[in-house]
Amino acid sequence: MTPARPAVRRGPRYAAAPASAIGARNSSLPWQILFLIVAGTFAVHANGLGNGFIYFDDPEGVVDNVSIREFSAANIGYWFTTPLQFMYTPLVYVSYAIDYMFGHGAIGMYHFTNLILHLANVVLVFLLFRRLTERAFPACFVAVAFAIHPVNVDTVAWISARSNLLATLFSLAAISLYVRYLESWRWRPLVWSVVLFGLAALSKSTAVALPVVLFLVDFWLCRGPSRRLLLEKLPFFVIAAITVLVGLDVRQDVVPQGGYTVVDRILLTCSALVDHLVQSVYPVHLSFAYEYPRTPFPWYFSVFPLVLAAGIAAAWVVRPVRRILVFGLGFFVVTIAPTQAVLLIDGYHANRYVYLPYLGLFLVFGYLVDAVLRGDCTVFGVTPDQGERIDDYCDPGIGSDE
């Protein structure tokens, strides 16, 4: 039998020093991880800085766009009154003009700005999901997947996808400030969240989904129905309604019915959603735009709605992971819905449409992987009477109206 080692008595000064050092290391660890993620993201996408223009939207939006070559009252007025490629995106004009001012038309400047915006989005993703989950691993997983997923390359490398980057930047910042409002119950973060949502809407009209996303955040943070919960969303819905009206007014590239019935359009939307779900885990045979299939559709198109319905039912029935599935899949569906009108000429779906929506899927994947690594089988319904279940977690300090 091995004798017990005698206790070693250490003075309080000796004990305090390691504790302080450990605390300092722990507090700086998330920032070190974030730095590595950002550096790795830059290394992965830096090869695109030497790319040229893509002669699909880039000529009209950048190369031949003389209005971005000078900051003047006339040009600024033009940016805020004239749609760019059938979309009301005045802040995209502004960003192109800034690129031209510093780069004098150099292609690399436009690509550099796209990459910087993507890096900023990666930082916001990490900070937002670390705050929402209060766990480092899911936040890291979401940030890394968002940063380097092959499907997101289109948005970073394609200059004309600038609207996507800007709208995501302002949307993530708006959500972050909304969460801060729920933590403090001070109106200033909420006001700034509304302002940032307005900037997102001026970057791309698909940002109109954000007010519904805020309800998902309420669900995640266990807020119950209340008058305040609805009233605080009114400014967001007003901006969303104005954005929808302006967007519908300026869109002139909407094609006629083209032989598609209402049922056909529903099947096309479901097909696009299933394609995106598959590409999230199997990103092969990618293209920047996908052509409309012709009627009659293959037989398996009729199965897609059933697959999605089964997924929705599972998200609600499987109680141990209900909260994470509802929030993650809801985030995906809500943010991708504005892009699935099945009306545009350039294809019924495209990779750039999932730049923001994929965050919901990445969160689900990250949480499940984290559960496996921790050996927490409760999230899969095994021994549900032991351990902490995702659905049972609720932070009383955040999101409570009391």
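I started with Arg 135, which is partly exposed at a relative accessible area of 32% (buried is under 20%, exposed over 50%, partly exposed in between; 1.4 Å probe, protein chains only). Before going on, I noted that this is a predicted model, where local features need pLDDT of at least 70, side-chain atom pairs count only at pLDDT 80 or more, and totals for chains, interfaces and linings use all residues. Residues are numbered from 1 along each chain as its sequence is written, and side-chain values use heavy atoms, with hydrogens and water left out.

**Salt bridges**

I took a salt bridge as a side-chain nitrogen of Lys or Arg within 4 Å of a carboxyl oxygen of Asp or Glu. The count by that rule is eight.

What does Arg 135 form a salt bridge with? I found Asp 370, with the closest N and O atoms 2.8 Å apart. Asp 370 sits in helix α16 (residues 358-373) and Arg 135 in the loop between α5 and α6 (136-148), so this pair ties together parts 235 residues apart in sequence. Helices here are DSSP runs (H or I, at least four residues), numbered from the N terminus. Asp 370 is buried, at 4% relative accessible area.

Next I looked at Asp 218 and Lys 233, whose side chains meet at 2.7 Å, N to O. Asp 218 is in helix α10 (residues 210-220), while Lys 233 is in the loop between α11 (227-231) and α12 (234-250), 15 residues apart. Both Asp 218 and Lys 233 are buried.

I then checked Glu 232 and Arg 223: their closest N and O atoms are 2.4 Å apart, and both residues are buried. Shared partners join Asp 218, Arg 223, Glu 232 and Lys 233 into one salt-bridge network.

**Helix α5**

I looked up the span of α5 (residues 107-133): its 27 residues reach 39 Å from first C-alpha to last, close to the 39 Å expected (1.5 Å times one less than the number of residues). Glu 134 follows α5 and has a positive phi, near 55°.

**Cysteines**

How many disulfides are there? I got zero, with the rule being a pair of cysteine sulfur atoms within 2.5 Å. Cys 140 counts as buried at 14% relative accessibility, and Cys 270 does at 11%.

**Nonpolar patch**

Last, I looked at the surface patch of Phe 71, Ile 76, Phe 80, Ile 98, Met 101 and Phe 102, about 550 Å² of accessible area together. Patch residues have over 30% relative accessible area and no salt bridge; like charges are joined within 9 Å, nonpolar side chains (Val, Leu, Ile, Met, Phe, Trp, Tyr) within 5 Å. Areas are Shrake-Rupley with a 1.4 Å probe, and for residues only the protein chains shown count as cover. Helix α4 (residues 90-103) gives the most, three residues. Phe 102 lies in α4 and counts as exposed at 57% relative accessibility.

Notes
Helix = DSSP H or I, 4+ residues; strand = E, 2+ residues; numbered from the N terminus.
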